[in-house]
Amino acid sequence: MDKTINIIMTAVMFITMVSLGCTMEVTKIKDHILKPKGVAIAVLSQYGIMPLTAFCLTKSFQLPETTAVVILICGCCPGGALSNILALALKGDMNLSIMMTSCSTLLALAMMPLLLYLYCQGFDDLHKAVPYVDIIVSLAVILVPCGAGILINYFRPQYSKIITKVGLSVLMISIIVICIISIVEIGGSLLNMLSPPLMAIATLMPLIGYSFGYIISSIFRLTQPERRTVAMETGCQNIQLCATIVKVAFPPAVIGPMYLFPLVFGFFQLTEAALIIVLFRCYQWFTRKGKATYQLTSTEEKRKENSEGKA
């Protein structure tokens with residue numbers, strides 16, 4: 001059963017990363033390289049806020065070694081394709097969103113092992129529990145299809161939209177399938193995932209990421225669309241990548257049901273993002289309605305003044 005889940009997750013990750021690569025355009029990447037302010041702030045937020053948040057929460061709740069490593073991996077992961085969709089729903093800067101996802105994904109090959117090494121020094125013997133070589137190998141293998149997607153979008157852009165749609169569809173279906181298989185396999189062990197400390201961490205991590213991503217981008221005076229983009233990119237981690245690394249890098253006997261934590265974390269980050277999007281849309285609707293009412297009132301007053309002047 002473990003082999004089945006590993007094969008499914010690896011295949012899905014391959015398709016997802018190809019579809020992510022298909023959303024990246026070489027010209028837009030060049031533009032942001034020439035004007036790197038937004039990307040630099042976004043990447044610093046991504047690899048500064050989330051790993052530190054994961055570290056502080058694991059220390060606060062005094063979690064076991066393996067559990068702490070899994071949460072740190074979630075915190076050190078780059079942004080994923082889901083963050084692009086969320087940024088689009090919030091009317092963010094899509095060029096910045098895609099560029100940030102691209103940069104954080106490519107930097108993950110060096111940043112994830114480095115951040116894990118640094119933060120694991122804060123725990124006794126935790127660095128021994130991290131399979132650094134397996135994580136680097138997993139990242140390298142996973143980033144290859146992302147590069148393939150970029151090449152497809154550059155040389156055969158007519159296929160990009162189809163591949164992206166297929167990738168997102170496969171991703172959604174696979175999440176359901178993996179959850180069903182996992183429930184059948186480990187059954188009651190799932191209750192360990194619903195413990196108060198893990199639920200609290202899964203709830204707080206994305207919320208802190210969204211909040212501080214927006215605050216930091218506001219301090220550096222980015223535009224409103226850019227602030228919303230940085231917020232989503234910071235708080236929304238690449239759950240597919242995290243789940244695949246955790247499942248492939250750790251033996252089943254060591255990781256146990258903790259390989260499901262990325263899915264729980266993903267559920268909360270998506271739920272909180274959906275709530276933010278709903279609040280943002282409501283704010284926009286009421287703002288537009290208020291402006292429309294004000295403009296209508298002003299127009300009517302001008303008409304009355306004109307009619308009184310003529311009389």
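**Close-up views of a helical chain**

Figure 1. Gln62 is exposed, at a relative accessible area of 70% (exposed means over 50%, buried under 20%, partly exposed in between, with a 1.4 Å probe and protein chains only). This is a predicted model, in which local features need pLDDT of at least 70, side-chain atom pairs count only at pLDDT 80 or more, and totals for chains, interfaces and linings use all residues. Residues are numbered from 1 along each chain as its sequence is written, and side-chain values use heavy atoms, leaving out hydrogens and water. Gln62 sits in the loop between H3 and helix H4 (65-76). Phi of Gln62 is near 50 degrees, a positive value in a residue other than glycine. Arg221 also has a positive phi, of about 60 degrees, and is not a glycine. Most residues other than glycine have a negative phi. The loop that holds Arg221 runs between helix H9 (196-219) and helix H10 (224-235). Arg221 counts as exposed, at 72% relative accessibility.

**Figure 2. The whole chain, for orientation.** The protein chain has 13 helices and zero strands (DSSP runs numbered from the N terminus: H or I of at least four residues for helices, E of at least two for strands). Of its 311 residues, 47% count as buried. The accessible surface comes to about 15,700 Å² (Shrake-Rupley method, 1.4 Å probe; for residues, only the protein chains shown count as cover). Carbon and sulfur atoms hold 70% of that surface. Take the contacts between residues at least 6 apart in sequence: 85% join residues at least 24 apart (contact means heavy atoms within 4.5 Å).

**Figure 3. Surroundings of Gln46.** Gln46 lies in helix H3 (residues 37-61). Gln46 is buried, with a relative accessible area of 0%. The side chain of Gln46 makes a polar contact with the side chain of Gln237, at 2.7 Å (a pair of N or O atoms within 3.5 Å; within protein, one must be able to donate a hydrogen and the other to accept it, and residues adjacent in sequence count only if both atoms are side-chain atoms). A polar atom of the Gln46 side chain lies 3.3 Å from the backbone oxygen of Cys77. Leaving aside residues up to four places away in sequence, Gln46 touches several others, among them Pro78, Met100, Ser104 and Glu233.

**Figure 4. The second largest pocket.** Its volume is about 450 Å³ (the space filled by probe spheres set on grid points, which are joined across faces, edges and corners). A pocket is an open set of points on a 1 Å grid over the protein atoms alone, where a 1.4 Å probe fits, with protein on both sides within 12 Å along at least five of seven lines; lining residues have an atom within 4 Å of a point. Of the 19 lining residues, Thr23, Asn84, Met94, Ile98 and Thr164 are the closest to the centre of the second largest pocket. Helices H1 (2-21), H5 (81-89), H6 (94-120) and H8 (160-186) each give two or more residues to this lining. H8 gives the largest share, five residues.

**Figure 5. Arg281 on helix H13.** Arg281 is placed in helix H13 (residues 261-310). At 36% relative accessibility, Arg281 is partly exposed. Arg281 touches Leu88, Ala89 and Lys91, not counting residues up to four places away in sequence. Arg281 and Lys91 are 190 residues apart along the chain, yet 9.6 Å separates their C-alpha atoms.
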